[in-house]
Every structure is written in structure tokens, then in C-alpha cells.
Amino acid sequence: MIRFVLPIAAAGLFLLHFTSCSKLESSEGLLITGSSTVAPLVADAAQRFEKENPGARIDVQTGGSSRGINDVRKGLAKLGMASRALKTEESDIQADTIAIDGVCLILHSDNPIEDLTKEEITAIYQKQISNWENLGGSAADIVVTGKAAGRATLEVFLDYTGLDSADVQADVIAGENQQAIKTVAGNPDAIAYVSIGAAASEALAGAPIKLITIEGIEPTTENVAKGIFPITRPLNIITKGEVTGLSRTFLEYLKSDRIHDLVEAHLYVPVSP
Amino acid sequence: MSPSLRDRILRLSLGATAILSGSVILAVIVFLFREALPALTSGKLSHFFTDLRWQPGSERDPQFGLTPMLLASLLVTVLATIIAIPIGVGGAIFQQFYAPASLGKFHDRLLELLAGVPSVIFGFWGLTVLVPVINRWQPPGQSLLAAGLVLALMILPTVGLTARSAIRSLEPGLLQGAAALGMGRPATILRIIIPAARQGIGAGCLLAIARALGETLAVVMVCGNIAQIPHSLFDPVRPITSTIALEMGYASSDHRALLYAAGLILVILTGTLVASQAFRKSRLTPGQAG
């Protein structure tokens with residue numbers, strides 16, 4: 001018996017060692033992790049950057065803003081992506097804003113509601129208003145779509161409504177923007193909050209969703225740029241300490257106006273350096 | 001090279017592959033255990049069973065109740081199994097005894113194709129096709145039922161293909177004996193084939209159950225992800241795997257350790273299942289069990 005146990009244990013230890021030592025980042029390339037809202041923009045920028053700088057390899061992985069922040073803190077990635085501002089307790093890292101996005105409320109195209117106020121939104125997400133009839137819509141229960149803990153859209157939404165995550169009474173919880181959009185597209189009675197960029201491009205692509213106005217203000221990139229749309233957030237690149245080499249060059253590239261056309265193509269608002 | 005040396009080399013290399021496949025799961029368990037250790041030693045684990053809700057992100061009142069999610073994992077698995085086993089085993093019997101050979105082969109290929117469909121595809125199909133249908137019937141659509149149906153589809157090939165190969169590998173003598181006794185086809189199938197192939201079918205079902213317990217990507221899209229004890233098939237649920245997938249990316253400290261502990265519980269659950277099957281087998285056929 002012992003003859004078999006020993007090699008198994010040895011192999012197990014070996015594998016354990018192997019898994020805990022493996023680094024995500026190779027010496028030649030650059031790994032960026034984090035927000036699924038920022039990732040498509042950074043991935044496009046990376047593609048262009050790689051074309052202009054042969055030899056550079058940039059790997060973009062998603063997993064939510066908190067992953068981006070955690071990975072940079074732990075040194076697993078040189079650059080992180082976060083679709084929210086840093087909190088006061090996150091002063092050990094820096095954020096560079098590369099674009100501005102808004103968070104909007106979306107409904108199914110068949111829903112007659114066109115506008116909601118902050119009070120109505122807050123009441124819907126606490127189930128104080130639970131039927132569209134009470135808001136002038138058809139008699140149907142509202143299907144409240146929330147976001148999983150740790151998602152930046154959730155934190156931005158909680159900031160706006162002043163709710164604690166324990167107050168939110170959701171019927172369905174989605175992970176990424178896409179899942180929330182598909183939930184609303186498949187459900188005439190659903191409501192969800194998602195990135196304006198993601199929602200607008202899905203609506204353009206023909207998904208049966210609409211971006212409603214909030215207190216009369218349209219969720220457009222113009223209104224986000226003007227600063228009048230009420231729920232906005234910075235799309236940030238997170239770094240810790242001084243970054244050098246490829247990370248530095250790519251960070252400067254992301255902050256430059258050379259990616260402004262990409263920012264606009266993703267329906268975000270560019271920031272002037 | 002002498003035959004005995006060749007034999008030793010073969011023995012060593014085969015042994016190495018066996019040790020590798022066996023040790024990977026041990027390494028995974030050790031890793032899970034190590035990551036979950038802070039939760040196990042600090043007594044935080046009791047939150048799993050004393051807290052009523054799962055709200056790790058709440059600043060006012062963080063709670064870590066695992067019971068609804070443990071229940072959800074079990075319920076979606078049971079539901080998927082109840083749907084998939086009769087269809088899978090029935091299909092295998094039909095194919096072996098009633099269907100023309102060409103149709104049977106076609107059925108096989110279809111099942112194999114089903115087995116090869118990536119789980120993200122099942123998830124998107126469930127979210128965009130199945131969920132809206134259930135929603136028209138009983139909102140919100142993302143539900144225990146949706147998760148059970150999608151999982152049933154995913155484990156159907158495992159159940160069907162192992163049942164078929166279990167039936168096919170039965171001794172021809174059994175069938176000939178039944179025919180010689182003048183038994184009709186229904187009696188042969190119910191009294192001879194199913195009992196004789198029970199063990200093979202059971203092993204397939206076990207694999208399917210383990211797969212259903214562990215499936216993540218498809219389930220997270222269709223189950224609704226609300227950590228609650230469901231009162232009907234149409235209530236959204238959140239299995240353990242969904243929670244880990246949704247939250248592991250950003251979780252830190254206690255929350256993270258508790259997620260690993262939840263994963264460990266899932267592994268223990270699957271392990272218990274496998275062990276109970278092995279135990280049952282060894283009692284049923286003491287001569288053959290290894």
C-alpha cells in the first residue's frame with residue numbers, strides 16, 4: 001500500500017507547487033485583467049498597439065472590476081481595468097481614466113414606459129413598486145434584474161440610489177452586461193441597469209431593448225460628455241506604484257488621443273489628456 | 001531489449017499515467033482545503049448554516065448563508081436526473097431492440113454531437129430560447145426548472161451512451177436464454193436486460209449526476225442566481241457553482257475562503273456519492289468488486 005501512496009503524495013505536492021508558482025504574466029507580454037466593460041475597448045486598443053509595435057503581446061482578460069484591482073494589488077497583472085472610481089480605502093493603487101461611461105436602465109421594446117425617476121427606480125429595486133401598472137404600464141409583475149456582488153455597475157447603481165446591496169430585492173441576478181441585456185431582451189416585463197455603451201450597441205444590433213430616459217434625460221454619449229446624465233462612471237486603468245517598460249508605454253497609449261476613435265466606436269466618451 | 005525489461009518499462013510508464021490522473025484530483029482537493037483553511041479554522045464556517053441570506057457585498061450586514069445554495073445544487077441535479085435518466089435509458093433500449101440499425105447509428109451520432117456541444121452554447125440557448133418560453137408561462141423564466149431542463153440536456157448523452165454500451169455488452173446468452181424460455185420482448189427487456197445492465201446504467205447515471213452537480217457556465221445563465229429556498233419549480237435559485245463563478249473573481253479574505261469552503265463541500269458531496277456507489281457495488285457483487 002505504502003508503495004503507491006508515496007508517489008501519489010509526491011506527485012500531488014509537485015502539482016500543488018506548480019499551480020501556486022505559475023505566473024500569469026510572461027516576461028515578453030503584458031497581462032491586463034478586470035472589468036468586462038473596459039475590456040472590449042482595451043482589447044481593440046491592444047490589437048492596434050500590437051500592429052504598431054511588432055513584438056509586443058498584450059493579453060486582456062475579464063472578471064469584473066474587483067478582479068482588476070485585486071490582480072494589480074497582488075502583482076498578478078501590471079495593469080488592471082475598473083469601471084468605477086477608486087474608493088478611499090483603495091489609496092494604495094492609482095487610477096488613470098481613459099473614458100467615461102454611463103449606466104442606464106433598460107426595458108424590453110414592448111414595454112410602454114419611457115421614463116423613470118430616481119425615486120421610482122429606487123422603489124422598483126426594493127419591491128415597493130412591483131407592478132408596471134403602478135407606473136402607467138400594463139398589468140404585469142416587474143422582473144427586477146440585478147447584478148452580482150463585485151460588479152462595478154452594481155456599485156455605481158448603489159451609489160446613485162443610495163441603497164445597500166442588502167436592500168435590493170432582485171428576481172434575477174446577472175453577471176456581465178450581456179447576460180442582463182439578454183434577460184431583458186427575452187422578457188417584456190424585465191428591467192435592468194447596464195453600461196450605456198453595451199446597451200446602445202446591442203440595441204443598434206437589433207436586440208429588442210430600449211434605453212429609457214431618467215428624469216427626462218436621455219442616456220446618450222453626448223449627455224454623458226456634458227455631465228448631465230445622472231449615472232456616470234470613469235473607465236479606469238489601475239496601476240500600483242511606478243510602472244515601466246511595455247506597461248508604461250501601453251498605459252500612455254491608452255491615455256492618448258490615438259484611441260479616441262475606438263472609445264467613440266464603443267459608445268463611450270473620450271477624456272482629453 | 002529483453003521481454004522482462006520491456007514489461008518493466010511499460011509497467012512504470014503506465015503506472016506513471018495512473019498516478020498522474022489520480023494525483024490531480026488529490027492536488028485539487030489539497031489546494032481547495034488550503035484556500036478554505038482560514039474559514040475552517042476561524043469558525044466562520046458556521047455562517048454557512050446559521051446565516052439566513054447570502055449578501056457578502058453588504059456593508060451594513062454581510063451574511064453568508066449557504067443552505068439555500070446547497071439545496072439549489074441538489075434540487076437542480078435531482079430534477080435534471082429525473083428528466084434525463086428515463087429519456088436516456090429509454091432511448092438506449094429502443095435503439096437496441098426496436099429501431100432499425102441505421103436509425104440506431106444515427107441516434108448514436110446525435111447523442112455524441114450533443115455531448116460535444118460546449119456548455120456556454122447550452123447556456124445561451126437556455127437564456128434566449130427556453131427562458132422566454134417559461135417566462136410567458138410563469139415569470140421570471142430564469143428558474144429551477146430552466147436550470148434542470150438545460151442540465152438534463154447536458155447529461156443526456158452520458159446517460160444514454162453508457163446505458164447503450166451497458167446493454168450492448170451483455171452476454172448474448174442472456175437473450176438466447178430468454179428467447180428459449182419463450183419470453184416476449186417486453187418481458188425480456190424489463191426482467192432480464194434492465195436488471196442485468198443495472199450496474200453499467202447506474203455508473204453512467206452517477207457520472208451524469210456528478211457532471212450536473214459541477215456544471216457552472218450554462219447554469220449561471222438560466223438559474224436566476226437568487227440565493228433563496230425555492231417554493232416552486234419557477235422560482236430562481238442559485239447553486240453553489242454559480243456563486244463561485246459569479247463571485248470568486250473579486251472576493252477577498254473571509255468571503256474568498258468561504259467560497260473555497262463551499263467548493264470543498266461540493267467536492268465532498270460528489271465524493272460521498274461516488275463512495276456510496278462503490279460501497280453498494282461491493283455489497284451487491286462481493287465476488288466482482290475491486
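Biologist: Which residues of α4(B) and α6(B) meet?
Modeller: In this predicted model, B:Leu111, B:Glu112, B:Leu114 and B:Ala115 of α4(B) are in contact with B:Leu156, B:Pro157, B:Gly160 and B:Leu161 of α6(B).

Biologist: What is the make-up of that contact by class?
Modeller: The contact of α4(B) with α6(B) consists of six nonpolar residues, one polar residue and one charged residue.

Biologist: How do the two helix axes lie relative to each other?
Modeller: Helix α4 of chain B covers residues 101-116 and helix α6 of chain B covers residues 144-168; their axes come within 8 Å and cross at roughly 140°. The arrangement of α4(B) relative to α6(B) is therefore oblique.

Biologist: Is the crossing left-handed or right-handed?
Modeller: The crossing of α4(B) and α6(B) is left-handed.

Biologist: Changing topic, where is B:Ile244?
Modeller: B:Ile244 belongs to helix α11 of chain B, which spans residues 240-247.

Biologist: Why does B:Ile244 count as partly exposed?
Modeller: B:Ile244 has 19 other C-beta atoms within 10 Å. A residue is buried only if 20 or more lie within that distance, and exposed if 12 or fewer do, so B:Ile244 falls in between.

Biologist: Which residues does B:Ile244 touch?
Modeller: Leaving aside residues up to four places away in sequence, B:Ile244 touches B:Leu259, B:Ala262 and B:Gly263. As for B:Leu144, 100 residues apart from B:Ile244 along the chain, the C-alpha atoms of the two are separated by 18 Å.

Biologist: Now the contact between the chains: how many residues does each chain contribute?
Modeller: Chain B contributes 36 residues and chain A contributes 31 residues.

Biologist: On the side of chain B, which helices supply at least two residues each?
Modeller: Those helices are α1 (3-41), α5 (119-137), α10 (217-222) and α11 of chain B. The most comes from α1(B), with nine residues.

Biologist: And how does that side divide by class?
Modeller: The side of chain B that touches chain A has 19 nonpolar, 13 polar and four charged residues.

Biologist: Over to chain A. Which residues of helix α9 are buried?
Modeller: Helix α9 of chain A runs over residues 245-255, and its buried residues are A:Ser247, A:Phe250 and A:Leu254. Viewed down the axis of α9(A), these buried residues fall within an arc of 75°, so they line one face of the helix.

Biologist: Why would such a spacing put residues on one side?
Modeller: An α-helix has 3.6 residues a turn, so residues three or four places apart point the same way.

Biologist: What do the buried residues of α9(A) pack against?
Modeller: They pack against several elements of chain A, including helix α2 (39-52) and the strands β1 (30-34), β4 (94-108) and β11 (232-239).

Note on methods: Residues are numbered from 1 along each chain as its sequence is written. Chains are lettered from A and ligands numbered from 1 in the order in which they are written. This is a predicted model: local features need pLDDT of at least 70, side-chain atom pairs count only at pLDDT 80 or more; totals for chains, interfaces and linings use all residues. Helices (H or I, at least four residues) and strands (E, at least two) are DSSP runs, numbered from the N terminus. The arc is that of the directions from the helix axis to the C-beta atoms. Two residues are in contact if their C-beta atoms, placed from the backbone, lie within 7 Å. Axes are lines fitted to C-alpha atoms, for helices over the stretch in contact, and angles run from 0 to 180 degrees between N-to-C directions. Angles under 35 degrees count as roughly parallel, over 145 as roughly antiparallel, 65 to 115 as roughly perpendicular and the rest as oblique. A crossing is left-handed if the near helix is turned anticlockwise from the far one by less than a right angle, and right-handed if clockwise. Ala, Val, Leu, Ile, Met, Phe, Trp, Tyr, Cys and Pro count as nonpolar, Asp, Glu, Lys and Arg as charged, and the others, Gly among them, as polar.
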